[in-house]
Amino acid sequence: MKIHVTIGRLAREAGLAAETLRYYERIGLIRPVQRTQSNYRLYDNEAEARLRFIRRAQNLGFSLAEVKELLDINSHPENDMAAVKQITEGKIADIEEKIADLERMRSALREVSERCPGHGSVDACPILASLAGVERAPDLPSAQAAQAR
């Protein structure tokens, strides 16, 4: 037996704002099964299941466009799972690229952090100098560095 719930109740149960559900409806992720005479949207158990799917997919890094594609593939049982695997492998590649970028960022920050003594005037801070694109001689106090220029 399918139970029909309003957008407000579905939103509360899913932990989302009603406006989020309206957005999901506009982009085709969910759809109401009917509207009441006063034009309220009514959703069924399938909408709840789709929202769980959307949330899980987003938690794994899939964009809403990718989620829509996965839902579209899933809505046709005769579809081959190769498309799902291809999307998933693409997401894995994206994540690996992000991890590599984060590791490069960490390495650069560690390097500049190790050059900072952690005390003294911020005028001689190698971290701030690096962020500004200015390399200062770390051994010279800022007044001596200015005279050396």
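Hi everyone, let me start with Glu 48, which lies in helix H3; helices here are DSSP runs of H or I with at least four residues, strands are runs of E with at least two, and both are numbered from the N terminus. Before going on, a word on provenance: this is a predicted model, where local features need pLDDT of at least 70, side-chain atom pairs count only at pLDDT 80 or more, and totals for chains, interfaces and linings use all residues. Residues are numbered from 1 along each chain as its sequence is written, and side-chain values use heavy atoms, with hydrogens and water left out.

Back to Glu 48. Its relative accessible area is 21%, so Glu 48 counts as partly exposed; the scale is buried under 20%, exposed over 50%, and partly exposed in between, with a 1.4 Å probe and protein chains only. Leaving aside residues up to four places away in sequence, Glu 48 touches Leu 10 and Glu 13, where contact means heavy atoms within 4.5 Å. The C-alpha atoms of Glu 48 and Ala 11 are separated by 9.4 Å, while the two residues are 37 apart along the chain.

That brings us to helix H1, residues 7–14, whose buried residues are Ile 7, Leu 10, Ala 11 and Ala 14. Looking down the axis of H1, these residues fall within an arc of 100°, so they line one face of the helix; the arc is taken from the directions from the helix axis to the C-beta atoms. What do the buried residues of H1 pack against? They pack against S1, helix H2 (18–26), S3 and helix H3 (45–59). Just after H1 comes Gly 15, with a positive phi of about 70°.

Helix H2 has Leu 21, Tyr 24 and Glu 25 buried. These cover an arc of only 100° around the axis, which puts them on the same side of H2. The partners for the buried residues of H2 are H1, S2, S3, H3 and helix H4 (64–74).

S2 and strand S3 (residues 41–43) pair in the antiparallel sense over 2 bridges; two strands count as paired if DSSP finds at least two bridges between them. Gln 34 stands opposite Leu 42 in S3.

In the loop between S2 and S3 you will find Asn 39. Its phi is near 75°, a positive value in a residue other than glycine. With a relative accessible area of 47%, Asn 39 is partly exposed.

Further along, Val 122 is found in the loop between helix H5 (82–114) and helix H6 (126–132). Is Val 122 buried or exposed? At 58% relative accessibility, Val 122 counts as exposed.

Finally, the whole chain. The secondary structure comes to 7 helices and 3 strands, running β-α-α-β-β-α-α-α-α-α from the N terminus on. Buried residues make up 21% of the 149 residues. Among contacts with a separation of 6 or more, 42% are between residues 24 or more positions apart.
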